[in-house]
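Keep the structure open as you read.

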Amino acid sequence: MDRFVYLDNSATTKISDRVLKAMMPWLTEHYGNPSSIYAIGRESRVAIEEARGKVAAAIGAKPAEIYFTGCGSESDNWAIKGAARRLGRQGKKHIITSVFEHHAVLHTCKALEREGFEVTYVPVDKLGFVNPADVEAAIRPDTAIVSIMYANNEIGTIQPIAEIGAICRAHKVLFHTDAVQAIGNVKIDVAAQNIDMLSLSGHKIHAPKGVGALYIRKGVMIDNFMDGGAQESGRRAGTENLASIVGLGEAITETYENFEEKVSRMTMLRNKLMDGLLQIPCTRLNGGRENRLCTNVNISFGGVEGEGLLLLLDMNGVAGSSGSACTSGSLDPSHVLLSIGLDHGIAHGSLRLSLGADTTEEEIDYTLSVVPKVVERLRAMSPVWQEWSDEERAGCNL
Amino acid sequence: MLYSAKVMEHFANPHNVGELKDANGVGEVGNQKCGDIMKMYIKVENGIIEDVSFMTFGCGAAIATSSMATDLIKGKPLEDALKLTNKAVVEALDGLPAVKVHCSVLAEQAIKAAIADYYKRQGIDPTPIVGNLEECEACGHDHDSCSCN
């Protein structure tokens, strides 16, 4: 099958031509260690500082507040463990997060529970939003940090970050947000939104894999995660991933150029895909329609299991992902879909299609021609679908 | 996770799919919570499985194991079908990823459930012949969280 439509941009993206071009010199002739004193070392240093400036400018931070890391997960680990351990020594042993965070945050919190921290997991509503009042109610005198994701990775719902930021600031509690899915798709202003720390990753915005960043507001002190040399102002050791850092700087600049036009075009395509798929009987949109990333479509198909769906889509040249247990390597479906109240059976039958800046309308049309056939084929062999009444097949139990 | 070419072949073009209208034994195992449900239909004549079909809600491995298992018992005497192990199904498929082995267990149990149903319909107690069907073994959930307790 020659046809290939990539609709899994929330998993990773293709490196853009412009990013690759910007990176190439730093993979070839400009190989100097940025910590070295001679000319090719100094050139590398300048390139890194330029990239730092670009990342800072994109989120309203100062360059000195940006620290490059190895990935979004490292940024999350560093922010939460670094803050919790430092403040834990001052008796602050409580953390607040939400039930539907990425595992980079959830498993970090679980690890801290084993170190003696107490974690409050605030719920999300049926549409996939955290209620800021729940966060405020959970704050205690010993709360060290609040970590709430900017936008959910599976259902694309954009959280009320500014409101949560204001609450945390008023209570003098550190506020971290995992913005890995949001970056490039929403406008972020860390100062205006009272964000103390923010995680981002390069490979979600057409930069390479293996590079991320953590914004740490000036004056916020957290423990180091990677000890060693004096890189990143002595806060994150390790020789810099030079070319990838340059790539991240270029990608974040590119993604915010013509931003309004890009978002409106992607929103139009996303709506076409979402509404087209919802024409299939017995389907359900997971996550609210409003305040949703322009990249994200997440739909459950009654009576169908997700992995079979993905395999058949792949055979037709469409790449997507699912919250099905079978794709997670465990027997439980996505914790995100369960957190918004889906039954296990319906959660197993979910499909996430995520658009990139390079997705075309023709690709959406092709996808819309494939999915109904694939769903119909799986339903024809599904004992669940077979046993449902006409009312159930009309979507009454979704 | 990688499936063998054989698994992909049976997933893409499964054999013996659909409801068998004149079946005289039907067995269903698994549950939606675990993500896999298999339903097997058999038509038995003179102790031989003359026809067989399946319907499955589940992943690629569940569909492929259903397809292979039905192939392996078609035209066979009941006693041979009862001897079919999940291991034989896995081998016939050139292997399954470790996390998917439970699908082959479900296929084995679905066949046993269909045969048990056949005996019941004949007025014969299936337990001495088929044994107890313990669904929870296949589902892999710990007992506390499993709805099939």
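The lining of the second largest pocket has eight nonpolar, twelve polar and seven charged residues. The structure is a predicted model. In it, this pocket has a volume of about 380 Å³.

**Second largest pocket**
- A total of 27 residues line the second largest pocket.
- Those nearest its centre are His206(A), Thr255(A), Lys262(A), Ala357(A) and Asp358(A).
- Two elements of chain A give two or more residues each to this lining: helix H8 (242–256) and helix H9 (259–277).

**Largest pocket**
- The largest pocket has a volume of about 680 Å³.
- Its lining counts 33 residues, and the closest to the centre are His102(A), His103(A), Asn153(A), Glu154(A) and His335(A).
- By class, this lining has eight nonpolar, 19 polar and six charged residues.
- Helix H3 (72–88) and helix H4 (103–114) of chain A each supply at least two lining residues.
- H3(A) gives the most, with three residues.

**Cavities**
- The model has two cavities of 30 Å³ or more.
- About 40 Å³ of space lies in the largest cavity.
- Residues from chain A line the largest cavity, among them Gly303(A), Leu378(A), Met381(A) and Ser382(A).
- Chain B residues line it too, including Thr56(B), Phe57(B) and Ile63(B).
- This lining has five nonpolar, four polar and one charged residues.

**A closer look at Ser382(A)**
- Ser382(A) sits in the loop between helix H13 (361–380) and helix H14 (383–387) of chain A.
- Is Ser382(A) buried or exposed? Its relative accessibility is 1%, so Ser382(A) counts as buried.
- Leaving out residues up to four places away in sequence, Ser382(A) touches Gly303(A), Met55(B), Thr56(B) and Phe57(B).
- Ser98(A) is 284 residues from Ser382(A) along the chain, and their C-alpha atoms are separated by 35 Å.

**Chain A as a whole**
- Chain A has 15 helices and twelve strands.
- Its radius of gyration is 22 Å, close to the 21 Å that the globule rule gives for 398 residues, so chain A is as compact as a globular protein of that length.
- Along the principal axes, its C-alpha atoms fill a box of roughly 70 × 50 × 35 Å.
- Of its 398 residues, 60% count as buried.
- Take the contacts in chain A with a separation of 6 or more: 72% of them join residues 24 or more positions apart.
- The accessible surface of chain A is about 15,300 Å², and 53% of it belongs to carbon and sulfur atoms.

Notes. Residues are numbered from 1 along each chain as its sequence is written. Chains are lettered from A and ligands numbered from 1 in the order in which they are written. This is a predicted model: local features need pLDDT of at least 70, side-chain atom pairs count only at pLDDT 80 or more; totals for chains, interfaces and linings use all residues. Side-chain values use heavy atoms; hydrogens and water are left out. On a 1 Å grid over the protein atoms alone, a cavity is a set of points where a 1.4 Å probe fits but cannot get out, and a pocket is an open set with protein on both sides within 12 Å along at least five of seven lines; lining residues have an atom within 4 Å of a point. Grid points are joined across faces, edges and corners, and a volume is the space filled by probe spheres set on the points. Ala, Val, Leu, Ile, Met, Phe, Trp, Tyr, Cys and Pro count as nonpolar, Asp, Glu, Lys and Arg as charged, and the others, Gly among them, as polar. Helices (H or I, at least four residues) and strands (E, at least two) are DSSP runs, numbered from the N terminus. The radius of gyration is taken over C-alpha atoms; the globule rule is 2.2 Å times the number of residues to the power 0.38. Buried means under 20% relative accessible area, exposed over 50%, partly exposed in between (1.4 Å probe, protein chains only). Contact means heavy atoms within 4.5 Å. Accessible areas come from the Shrake-Rupley method with a 1.4 Å probe; for residues, only the protein chains shown count as cover.
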